[in-house]
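Subject: Handing over the two-chain model

Hi,

Here is the structure I promised to pass on to you. Please open it alongside this email, and then read on for what I found in it.

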Amino acid sequence: MTLTLFHAILFYAFGGLALGGALVMVSQRNPTYSAFALIVTLVALSAEFGLLGSPFIAALQIVVYAGAIMVLFLFVLMLLSVKAEARVEGEGRVFKLVALALGALLAAEVGSALLAAKTPMAGGFDASARAVARLLFSPQYLYVFEATSILILASLVGAVALARREGGR
Amino acid sequence: MSPQLVQHALLLSLALFAVGVVGVFLRRNIITIFMCVELMLNAVNLAFIAFSRAWGNLDGQVLVFFVLTVAAAEAAVGLAIIISIHRRKDTLDVDAFRVMKW
């Protein structure tokens with residue numbers, strides 16, 4: 001009983017942290033602060049994945065997102081001379097209100113679908129690396145997995161070609 | 001763990017996705033917009049994991065794995081494009097990028 005309670009407390013604490021990080025990220029004008037806020041959100045989400053019984057995805061989230069993607073973001077932010085977003089006169093309150101209204105509309109729409117979804121609790125849930133790998137390398141997903149390695153190679157070559165200076169060398 | 005917890009994870013995923021959408025609308029720095037897209041991908045991942053837990057089905061976990069891979073590839077190419085545009089325009093403001101606008 002106390003373990004369940006502890007579990008729930010951790011779940012809501014990390015959930016609040018994730019949401020808080022996201023809100024800070026969106027409200028910052030300086031993209032460097034946004035990047036650090038996003039890292040907080042990603043780490044909190046990794047904890048949520050772990051609490052939902054998926055240790056493999058939780059580890060992957062830290063390694064790939066916090067470790068690789070966000071480092072790439074910060075690297076680019078430091079490579080380019082990044083200034084805080086300038087305040088523009090024309091950026092009216094109307095535009096912000098429309099953006100918030102559209103976001104609220106989307107949330108209501110998806111929320112009605114999500115709240116109608118059935119969420120039974122399957123017993124004996126095992127999402128360890130071994131169990132996930134068994135499915136990942138089964139014939140059902142094996143070819144998709146091999147295709148992603150081609151995708152990674154293509155994006156590697158593409159990124160180098162795009163970021164290279166004009167005119168060869 | 002109760003079914004309530006899974007439902008709340010779905011609501012958290014919904015909230016994160018909505019915050020990401022509003023961020024794409026509000027921000028003008030292209031890198032921040034890109035980070036909002038990453039946030040939306042993560043929100044969807046959370047929904048995948050929650051449903052995977054609810055139904056005891058591992059396909060959701062495998063899909064999250066693929067989303068992570070595609071996100072990494074997308075970040076690499078996207079940031080390379082941003083660097084290359086910044087070299088020409090010397091700004092990160094999306095309002096300045098109108099090369100493909102008629």
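Let me start with chain A, whose secondary structure comes to six helices and zero strands. Helices (H or I, at least four residues) and strands (E, at least two) are DSSP runs, numbered from the N terminus. Read from the N terminus on, the elements of chain A run α-α-α-α-α-α.

Before going further, a word on conventions. This is a predicted model, in which local features need pLDDT of at least 70 and side-chain atom pairs count only at pLDDT 80 or more, while totals for chains, interfaces and linings use all residues. Residues are numbered from 1 along each chain as its sequence is written, and chains are lettered from A and ligands numbered from 1 in the order in which they are written.

**Chain A**

The C-alpha atoms of chain A fill a box of roughly 55 × 45 × 30 Å along the principal axes. Its radius of gyration is 21 Å, whereas a compact globule of 169 residues would have one near 15 Å. That radius is taken over C-alpha atoms, and the globule rule is 2.2 Å times the number of residues to the power 0.38.

Of the 169 residues in chain A, 23% are buried. A residue is buried if 20 or more other C-beta atoms lie within 10 Å of its own, exposed if 12 or fewer, and partly exposed in between, with C-beta atoms placed from the backbone.

Of the 25 residues of H6(A), two are buried, so the helix lies largely in the open.

At the other end of the numbering, A:Tyr12 sits in helix H1 (residues 2–27) of chain A. A:Tyr12 is partly exposed, with 14 other C-beta atoms within 10 Å. From A:Tyr12 to A:Phe95 there are 83 residues in sequence and 33 Å in space, C-alpha to C-alpha.

**Chain B**

Chain B has three helices and zero strands, and its elements run α-α-α from the N terminus on. Its C-alpha trace spans about 55 × 25 × 20 Å along the principal axes. The radius of gyration of chain B is 17 Å, while a compact globule of 102 residues would have one near 13 Å. Buried residues make up 53% of the 102 residues in chain B.

**Where the chains meet**

How many residues of chain B are in contact with chain A? There are 58, and they meet 69 residues of chain A. Two residues are in contact if their C-beta atoms, placed from the backbone, lie within 7 Å. On chain B, the elements that give two or more residues to this side are helix H1 (3–26), helix H2 (30–55) and helix H3 (59–89). H3(B) gives the most, with 21 residues. By class, the side of chain B that touches chain A has 44 nonpolar, eleven polar and three charged residues. Here Ala, Val, Leu, Ile, Met, Phe, Trp, Tyr, Cys and Pro count as nonpolar, Asp, Glu, Lys and Arg as charged, and the others, Gly among them, as polar.

- Helix H3 (residues 55–79) of chain A packs with H3(B) at an angle of about 5°, with their axes 11 Å apart. The two are therefore roughly parallel (an angle under 35 degrees). Among the residues making the contact are A:Ile57, A:Leu60 and A:Val64 of H3(A) and B:Val64, B:Phe65 and B:Leu68 of H3(B). The residues of this contact divide into 19 nonpolar, one polar and no charged.
- H3(A) and H2(B) pack at about 175°, with their axes 12 Å apart. They are therefore roughly antiparallel (an angle over 145 degrees). The contact includes A:Phe73 and A:Leu77 of H3(A) and B:Met35 and B:Glu38 of H2(B). Its residues divide into eight nonpolar, no polar and one charged.

For both pairs, axes are lines fitted to C-alpha atoms, for helices over the stretch in contact, and angles run from 0 to 180 degrees between N-to-C directions.

B:Val64 lies in helix H3 of chain B. Is B:Val64 buried or exposed? B:Val64 is buried, with 26 other C-beta atoms within 10 Å. Not counting residues up to four places away in sequence, B:Val64 touches A:Ile57, B:Asn45, B:Phe48 and B:Ile49.

Happy viewing!

Technical notes:
Parallel < 35°, antiparallel > 145°, perpendicular 65-115°, else oblique.
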